[in-house]
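Please read it with the sequence and the structure open.

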Amino acid sequence: MSMSGKQAVPTVSQILAEARRRFTEAGVDSAAADARVLIAGLLGLSTTDIVTRGGETVSTEKVGVIEKAIERRLAHEPVHRILGEREFYGLPLSLSAETLEPRPDTEILVDTMLPYLRDLANTEGHIYILDLGTGTGAICLALLSECPEALGVGSDVSPDALRTARSNAERNGLRDRFEAIQSSWFENIHGAFHAIVSNPPYIASKVVHTLAPEVTKFDPHAALDGGQDGLDAYRTIAKDAARFMKPNGVVGLEIGYDQRNDVIDVFEAEGFKLLESVSDYGQNDRALVFALK
C-alpha cells in the first residue's frame, strides 16, 4: 500500500516510545511507567494490551488528544489527574479538583483495618464505618467493598469531594451502603461507629511548598496542610472520637513517616491505647490503630 506522500499513521508502539522519550528527556521520575499508564489509559487499553497490540495504528484524533496529555504531564500534572481517575484497592475512582489522589500506601490502612472489621462483623452483625475527610471516598469504599456487612459515612468539608465520593460509590455499586456528609471533622456527625478511619492532612505547613510540583500544584492544599507541626488533624480527631465510637470500636489512621510517636502521644493523652502500628512498602510507619483504654 503506497502512502503517496502522506505522513505515516503512527502505531501504538511508536506513540508509546515517543512519550517515554519525551518524559525521560524532561527528567520525569517514572518516565517509562508514566508513559505506559498514560497512553494505555487514553487509548482504553490495559497495560498488557499496549504491548500485544503495539502494531495497531492510532487515529489522528487520538494522536491530538495524546499530544495534549503529554504536554500536561511535562507541566508536572500527574498521570492519574490527566486521566481523571485512579484505581484504589481494585476500585476505579474518579478524581476531582478538591480530592487528594489516593496513593498505594493508603491501601495499607485498608489492609490493616479489614481484620478488625471482620471480627466486629462476626460479633455485631452490621457494622458502621466513618471516614473523616473522605475525598474520593477511597478508604471507606474499599472497606465497604471488602466487607458486605458494613455501612459507611464519608465526611468532607468540600462539596466537590462529596460529589466525587458519591459518584464513586455509585460507580462501584456501593451507593446503598454509603452516605456522604458535609462536615468539618465531627461537626455534623451523629451516631456511633465501629470504625473511624482517616487519612488526614499531615504535612507541616512550612514543608508543604517543598513537595514535588505534582503534589503542590495538583493535590488540594487542604488535604496536605496539617498545621504548624502537621498534627492538627490528629488532635482534633483524638479529642472527639470517643463520643462517636461503639464500646468496642477502633480508630485507624494514616500517618506521616516520622509521626508515629507524636500521634501515639496525642491519642494516649485522650484515653486511647495503641493496638497496632504498620509500616509501608518503604518501611516507613504508615498506619496506626487505636481503641479506647
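Two strands pair if DSSP finds at least two bridges between them; helices (H or I, at least four residues) and strands (E, at least two) are DSSP runs, numbered from the N terminus. In the hairpin of β8 and β9, five residues lie between the strands, and Gln283 has a positive phi near 65°. The model is predicted: local features need pLDDT of at least 70, side-chain atom pairs count only at pLDDT 80 or more, and totals for chains, interfaces and linings use all residues. Residues are numbered from 1 along each chain as its sequence is written, and side-chain values use heavy atoms, with hydrogens and water left out.

**Sheet**

- Seven strands make an open sheet of mixed pairing, in the order β5-β4-β3-β6-β7-β9-β8.
- The edge strands are β5 and β8 (272-279); each has a single partner strand, so one side of each lacks a neighbour in the sheet.
- From one strand to the next the twist averages 20°; axes are lines fitted to C-alpha atoms, for helices over the stretch in contact, and angles run from 0 to 180 degrees between N-to-C directions.
- β3 and β4 (residues 150-156) run parallel and are joined by six bridges, and Ile129 has Gly152 in β4 as its bridge partner.
- Helix α12 packs on the sheet, where α12 touches β7 (245-254), β8 and β9, and its direction makes about 15° with that of β9. Contact here means heavy atoms within 4.5 Å.
- β8 and β9 run antiparallel, with seven bridges between them; the bridge partner of Leu274 in β9 is Phe290.

**Nonpolar cores**

- A nonpolar core is a set of buried Ala, Val, Leu, Ile, Met, Phe, Trp, Tyr and Cys residues joined through side-chain atoms within 4.5 Å. Buried means under 20% relative accessible area, exposed over 50%, and partly exposed in between (1.4 Å probe, protein chains only).
- The largest nonpolar core has 36 residues, and those with the most contacts inside it include Val110, Met113, Ile129, Leu141 and Phe178.
- At least two residues of this core come from each of β2 (91-94), α6 (107-124), β3 (127-132), α7 (138-146), α8 (159-171), β5 (178-182), β6 (193-198) and β9 (285-292).
- The most is given by α6, with nine residues.
- A second, separate core has 31 residues, among them Leu132, Phe193, Leu253 and Phe267.
- Leu141 touches Leu91, Leu93, Thr136, Ala165, Asn168, Ala169, Leu174 and Phe178, leaving aside residues up to four places away in sequence.

**Aromatic pairs**

- Rings of Phe, Tyr and Trp (its six-membered ring) pair if their centres lie within 6.5 Å; planes under 30 degrees apart count as stacked, over 60 as edge-to-face and the rest as tilted. The count by this rule is four aromatic pairs.
- Phe267 and Phe272 have ring centres 5.3 Å apart and planes at 70°, so this pair is edge-to-face.
- Phe267 and Phe290 have ring centres 4.5 Å apart and planes at 10°, so this pair is stacked. The pair links distant parts of the chain, with Phe267 in helix α12 (residues 260-269) and Phe290 in strand β9, 23 residues apart.
- Phe267, Phe272 and Phe290 form one aromatic cluster. Phe267 and Phe290 are buried, and Phe272 counts as buried at 0% relative accessibility.

**Salt bridges**

- A salt bridge is a side-chain nitrogen of Lys or Arg within 4 Å of a carboxyl oxygen of Asp or Glu. There are 21 salt bridges by this rule.
- Glu101 and Arg86 meet through their side chains in a salt bridge (2.5 Å, N to O). Glu101 is in the loop between β2 and α6 and Arg86 in strand β1 (residues 85-88), so the pair ties together parts 15 residues apart in sequence. Glu101 is buried at 6% relative accessibility, and Arg86 is buried at 16%.
- Glu77 and Arg72 form a salt bridge (2.8 Å, N to O); Glu77 counts as buried at 12% relative accessibility, whereas Arg72 counts as partly exposed at 38%.
- Arg235 and Asp232 form a salt bridge (3.2 Å, N to O), and both lie in helix α11 (residues 232-240), three residues apart, about one turn of the helix.
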